[in-house]
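Here is a short briefing on one protein model. Look at the sequence and the structure first, then read the points below.

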Amino acid sequence: NPEPFRLPAQDSLQKMFKLPDNAILLAFHGTFSYPPNRDALQVFAEILLPKLNGGRFSFHVIAIGRDPPLESIDPNIHFTGSVDAVGPWLKACNLAVIPLREGGGTRMKIIDCFAAGLPVVSTAKGIEGIPAVNGREAFICNDWLSMTNRIMELAESKELREQLSSAALKFTTGMDWQSLGKRYLDIYSAIRRVPK
């Protein structure tokens, strides 16, 4: 449903979470009782944030979704809890980072991020099932050093962020329920016309 992604961005997350002016907001969303999402939070806390912080930017994860842990595992990971619509929260962030190492199914969270116009950096596992092209719709990284380098690159370059998000938005064209429903009806109509 594209409607929630057309809503305006959530009001200043910097103010809400008392973040510094140089904060770069990394979106990650899902249900945090799901073990692969909990594991991704560990990756942020133990690998990515220590590598990213210490430079001219202050990197913060905005963890959007229900069932957050009772205590934050890192001072730079901020939980929203359940939200009415994920689109405005994603749009308030600078980019999406999906450091999944495990899990199954198609990664619909990637489509959400694309629809919100967010540049995406993901592991191959995190974007599994989505036919995005590495370097065009998203950056797909197979090791943590590459991932931190890509995040830094995007933090530094507004032009690169816009390039990725523009391609990602184009990728989602025709993925709304109305377009998909029409395509299925067209297929069904074609099948019914085939003589027996």
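**Briefing: sheet, helices and loops**

Ile-98 stands opposite Ser-122 in E5. The two strands involved, strand E4 (residues 95-98) and strand E5 (residues 120-123), pair in the parallel sense over three bridges. Two strands count as paired if DSSP finds at least two bridges between them. Helices (H or I, at least four residues) and strands (E, at least two) are DSSP runs, numbered from the N terminus.

This is a predicted model, where local features need pLDDT of at least 70, side-chain atom pairs count only at pLDDT 80 or more, and totals for chains, interfaces and linings use all residues. Residues are numbered from 1 along each chain as its sequence is written, and side-chain values use heavy atoms, with hydrogens and water left out.

**The sheet**

- Six strands form an open sheet, and their order is E3-E2-E1-E4-E5-E6. The pairing is parallel.
- The edges are strand E3 (77-81) and strand E6 (139-141). Each of them pairs on one side only.
- On average, neighbouring strands of this sheet are turned by 25° against each other, direction ignored. Axes are lines fitted to C-alpha atoms, for helices over the stretch in contact, and angles run from 0 to 180 degrees between N-to-C directions.
- Helix H5 (residues 144-156) packs on the sheet. H5 touches strand E1 (23-29), strand E2 (58-64), E4, E5 and E6. Contact means heavy atoms within 4.5 Å.
- The direction of H5 makes about 180° with that of E5.

**Helix H2**

- Does the length of helix H2 (residues 35-52) agree or disagree with what its residue count predicts? At 1.5 Å a residue, its 18 residues should span 26 Å, and the end C-alpha atoms are 24 Å apart, which agrees. The expected span is 1.5 Å times one less than the number of residues.
- H2 has a kink of about 40°, centred on Phe-44. The bend at a residue is the angle between axes fitted to the seven residues ending there and the seven starting there.
- Buried residues in H2 include Leu-41, Val-43, Phe-44, Leu-48 and Leu-49. Buried means under 20% relative accessible area, exposed means over 50%, and partly exposed lies in between (1.4 Å probe, protein chains only).
- What covers the buried residues of H2 includes E1, E2, E3, E4, helix H4 (108-115) and H5.
- Gly-54 follows H2, and its phi is positive, near 120°.

**Cysteines**

- How many disulfides does the structure hold? The structure holds zero disulfides. A disulfide is a pair of cysteine sulfur atoms within 2.5 Å.
- Cys-93 is in no disulfide, and the nearest cysteine sulfur, that of Cys-113, is 8.9 Å away. Cys-93 is buried, with a relative accessible area of 7%.
- Cys-113 is in no disulfide either. Cys-113 is buried, with a relative accessible area of 0%.

- Lys-18 has a positive phi of about 55°, although it is not a glycine. Lys-18 lies in the loop between helix H1 (13-16) and E1. Is Lys-18 buried or exposed? Lys-18 is exposed, at 76% relative accessible area.
- Asp-67 also is not a glycine, yet has a positive phi of about 60°. Asp-67 is found in the loop between E2 and E3. Its relative accessible area is 38%, so Asp-67 is partly exposed.
- Ser-12 lies in the segment before H1. Ser-12 counts as partly exposed, at 42% relative accessibility.
- Ser-12 and Ile-24 are 12 residues apart in sequence. In space they are 12 Å apart, C-alpha to C-alpha.
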